[in-house]
Amino acid sequence: MKKVVIAGGGVLGSQIAFQAAYCGFDVTIWLRSQGSIGRTQPKIDNLRKSYIDAIGLMDSPQGEANWCRGIADAGSFEPAKCLEQVEKAYSGIKLELDMAAAAADADIIIESVAENVKDKIAFYQALAPLMPEKTLLCTNSSTLLPSNFAKYTGRPEKYLSLHFANSIWKNNTAEVMAQDKTSKDAFDAVIAFANDIRMVALPVNKEKNGYLLNSMLVPFLFSGLDLYVNGVSDPASIDKAWKYGTGAPRGPFEIFDVVGITTARNIALQYQKVPGLFTPILRKMMMPYNFKGMLQLFDKMIAEGKLGRSTGEGFYKYSK
Ligand SMILES: NC(=O)c1ccc[n+]([C@@H]2O[C@H](COP(=O)([O-])OP(=O)(O)OC[C@H]3O[C@@H](n4cnc5c(N)ncnc54)[C@H](O)[C@@H]3O)[C@@H](O)[C@H]2O)c1
């Protein structure tokens, strides 16, 4: 693989592009309008800074605690070389408005446009006739299944999910999920590509909303929140129960503050819209949860500007 195309230059599209370019691939971001270029370029500028800052931290006495596996392995970290890769990535990423030019000669295209079914279908329909035969096509969708879109791609056997986590230079998982028409060759090639861009590739052998991480994380977060909204205990005690009882570094409310309260609210709504996010047993278990109380709490926090770590206060207060 040589040429990597990312469709969409939002939060995740820009990160995937930067990471692939950092790992030496020839990267193009396809964008639908001039306005999108104006919104994407600052994201790439910020990513350059995030990578440089991360490399600086990795090269400091706190390096181990701040290690970014997407940037380098602990045993072979050469800060100067990493910084060189950052500059090469930064100057190498191409922004392209012409879909045909972007798709020409693409080895892999990763769709990372907004999480909207109609927009994604329209995108696949426009792209299908423009791709060379060799192109692998992936979706980074967090909640939608690739089988929803395979028939619009013109190449169901080369179409699957490649799902990244936010801050991919640190949180370097790539969940690779096939739909029933995906060929084994395509699946294996995407696993190899994910490893090549320094991700830890995680195979998901059956279609599942929420993949691996969110299938476990979301019920866990709601279980903690349900204890709080029903007055069973307070956030700090619930977090301690989880951390001290299991040795985990963070409890549910500390995680909510990192994820952000607006996103947490969207996830609570999504749970009600997409029942497949949970296995039948979990769904049954969560049926009595007080989602109404959770949404009221989130709405109150949002109205008060308590959006989590990013605003200095969520469930906890943070010093600047
Ligand atoms: N944000 C996350 O933490 C995260 C994590 C993993 C996966 N994802 C997934 O990545 C995808 C993109 O999410 P994001 O957070 O980067 O969103 P975003 O809103 O930041 O970016 C969306 C991008 O899609 C473009 N876009 C919007 N409508 C379009 C259309 N009709 N045609 C073409 N392009 C269009 C926008 O211009 C923008 O570049 C979604 O499928 C989401 O589920 C997001």
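Colleague: What makes Leu-295, Phe-298 and Ile-302 contacts of Arg-265?

Modeller: In this predicted model, a contact needs C-beta atoms within 7 Å. Leaving aside neighbours within four places in sequence, Arg-265 is in contact with Leu-295, Phe-298 and Ile-302. Arg-265 itself sits in helix 10, residues 261-273.

Colleague: And why is Arg-265 called partly exposed?

Modeller: Arg-265 has 18 other C-beta atoms within 10 Å. Buried takes 20 or more, and exposed means 12 or fewer. The count of 18 falls in between, so Arg-265 is partly exposed.

Colleague: Which residues does Leu-137 contact, once neighbours within four places in sequence are left aside?

Modeller: Ile-109, Thr-153, Arg-155, Lys-158 and Tyr-159. Tyr-159 also turns up in the strand pairing, where Leu-137 stands opposite Tyr-159 in strand 6.

Colleague: Which way do the residues of strand 5 point?

Modeller: Leu-136 and Cys-138 point one way, Leu-137 and Thr-139 the other, and all are buried.

Colleague: How do you know that strand 5 pairs with strand 4 and with strand 6?

Modeller: Pairing takes at least two bridges between the strands. Strand 4 and strand 5 have four, in the parallel sense, and strand 5 and strand 6 have three, also parallel. Both pairs therefore meet the cut-off.

Colleague: What joins strand 6 to strand 7?

Modeller: Five bridges, with the two strands running antiparallel, and strand 7 covers residues 173-178. Since at least two bridges are needed, this pair qualifies because it has five. Ser-161 stands opposite Met-177 in strand 7.

Colleague: Why is strand 6 described as largely enclosed?

Modeller: Six of the six residues of strand 6 are buried, so the rest of the structure largely encloses it. Tyr-159, Ser-161 and His-163 point one way, and Leu-160, Leu-162 and Phe-164 the other.

Colleague: What makes helix 1 largely enclosed?

Modeller: Eleven of its twelve residues are buried, so the rest of the structure largely encloses helix 1 too. Among the buried ones are Leu-12, Ile-16, Phe-18 and Tyr-22. The cover over the buried residues includes strand 1, strand 2, helix 2, helix 3, strand 4 and strand 6.

Colleague: How do you know that the span of helix 1 is close to what is expected?

Modeller: Helix 1 reaches 17 Å from its first C-alpha to its last, against 16 Å expected for twelve residues at 1.5 Å a residue. After the helix comes Gly-24, with a positive phi near 95°.

Colleague: Where does the shell around the ligand come from?

Modeller: Helix 1, helix 5 and strand 6 each supply at least two residues, and the largest share, three residues, comes from helix 1. In total, 20 residues surround the ligand, with Gly-8, Gly-10, Asp-119, Ser-142 and Asn-166 the closest.

Colleague: How many residues of each class are in that shell?

Modeller: Six are nonpolar, eleven polar and three charged. Gly counts as polar here.

Colleague: How is the chain divided into domains?

Modeller: Domain 1 spans 3-204 and domain 2 spans 214-309, with their C-alpha centres 29 Å apart.

How values were computed
Residues are numbered from 1 along each chain as its sequence is written. This is a predicted model: local features need pLDDT of at least 70, side-chain atom pairs count only at pLDDT 80 or more; totals for chains, interfaces and linings use all residues. A residue is near a molecule or strand if its C-beta atom, placed from the backbone, lies within 6 Å of it. Domain bounds come from an automatic or database domain assignment. The expected span of a helix is 1.5 Å times one less than its number of residues. Two residues are in contact if their C-beta atoms, placed from the backbone, lie within 7 Å.
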